[in-house]
Amino acid sequence: MLRNFDRHDGELYADRVRLTDIAAAVGTPCYVYSRGAIERNFQALSSAFEDYPHLICYSVKANSNIAVLNVLARLGSGFDIVSGGELERVLRAGGDPAKIVFSGVGKTKREIEQALEVGIRCIDVESTAELRRVNALAARAQIKAPVAIRVNPDIDAKTHPYIATGLRETKFGIPMEDAQAAYELAVDMSHIDVHGIAAHIGSQITDTTPYTEALDRLLRLVEDLEDVGIPIENVDIGGGLGVRYHDEQVPDPKRFVSALIAAMRGRGFDLPLIIEPGRSIVGDAGVLLTTVEYVKSTDTKNFAVVDAGMNDLIRPALYNAWQDIVPLVAERDTKRNRYDVVGPVCETADVLGKDRELDVVEGDLLAVCTAGAYGWVLSSNYNSRPRPPEVMVDGEQFYLIRHRETIEELCAAESILPD
Ligand code: LLP
């Protein structure tokens, strides 16, 4: 079972709060996060570094609720952002601009200006065109822009093709063979300060080898750069550490960090490391609560039709991802059956889990597990369904950290043509 989500007397809890109580108070579908779990995940990663110099920049895209960001900001976390919207959220959550790194292949002029204005730590530049744009905007602001160059190490992270980012054919980063030229261009620019090197090889990675191979390639480039008089101050190896959704064997933080440090020291370096974890901080710290609306059987299948759909949680539909589905109240265990757990959205892909062994009747409450990362953030209004609320449990209290969208809010931004 999930950490921080335990059963007592047959009932599923988030820390000391019974999940059925949250469902009764705010309704379903509803996301629930555990503050304790987020903190424990962050601290486990942080303490794994011991006294090795490092900065953890939580990847905001995984879960950008301001309360989640605030919990992490209070722990001293930095942030990895990919848009002006994420920058604004981090600032509102009390994040320190000096600990923000900004990735992404398509930063607009306005986003770069915003980042320079607030004084973020580093812009991870992904093309020479972007380098020129950053230089021009920094010149206009009469400052030097702190940058790292994101390289594409051409590493197979052995993950789902949609979330593998470190392969040569993806749009991300500057190819290794062009990287030295990009650095030479950057150091000659009047308003660029080159600090570091960055990479991100993918997501839901369950092995340390792709990381150590990527780091090794990065460090070989750092050596070449040193040879031509371009010193590199820190190395950002990106995010991507996986979590256990089903039966994956995921390295624990200690093993992961030790492998990174060993790879660094193996080439004779002790440069500060930056990592950008998203999923491994919030993934197992959240669940999605849903109610069974109908149980429906055909001659080939049983369906549990629930009130959460692919618009609330798209991972199973989009990546064929497995997430455990468990009852909030221990099963009666009398008539377990195989069910496809499906939502109300008019798409065949609207499935939360296929072929799940459950004992359910109408009105039962279920939790879709490990839904803290890439859950709510990927939700949509498809089928004009209001997006679900988010709740954070803190010990024995729970707080609504985002209310359920209303139909009024859903329509508010639209207007009809004049007569
Ligand atoms: N840094 C960069 C530059 C990234 O592109 C990402 C994720 C991260 C850090 C954080 O990766 P994490 O530690 O969370 O794996 N929606 C997909 C995952 C997309 C990941 C995109 N980039 C999913 O639900 O599996």
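Domain bounds here come from an automatic or database domain assignment. On that basis, the protein chain has domain 1 (5-33 + 283-411) and domain 2 (104-275). Their centres, taken over C-alpha atoms, are 36 Å apart.

A word on the source. This is a predicted model, where local features need pLDDT of at least 70, side-chain atom pairs count only at pLDDT 80 or more, and totals for chains, interfaces and linings use all residues. Residues are numbered from 1 along each chain as its sequence is written, and side-chain values use heavy atoms, with hydrogens and water left out.

Now the interface. Eight residues from domain 1 and eight residues from domain 2 make the contact, meaning heavy atoms within 4.5 Å. Together the two domains bury about 780 Å², with 62% of it on carbon and sulfur atoms. Buried area is the accessible area (1.4 Å probe) that two parts lose on being put together, summed over both. Which three residues supply 60% of the area that domain 1 buries against domain 2? Y319, W322 and T370.

Next, aromatics. The whole structure has three aromatic pairs. Rings of Phe, Tyr and Trp (its six-membered ring) pair if their centres lie within 6.5 Å; planes under 30 degrees apart count as stacked, over 60 as edge-to-face and the rest as tilted. Y58 and F79 pair edge-to-face, at 6.4 Å centre to centre and 85° between the planes.
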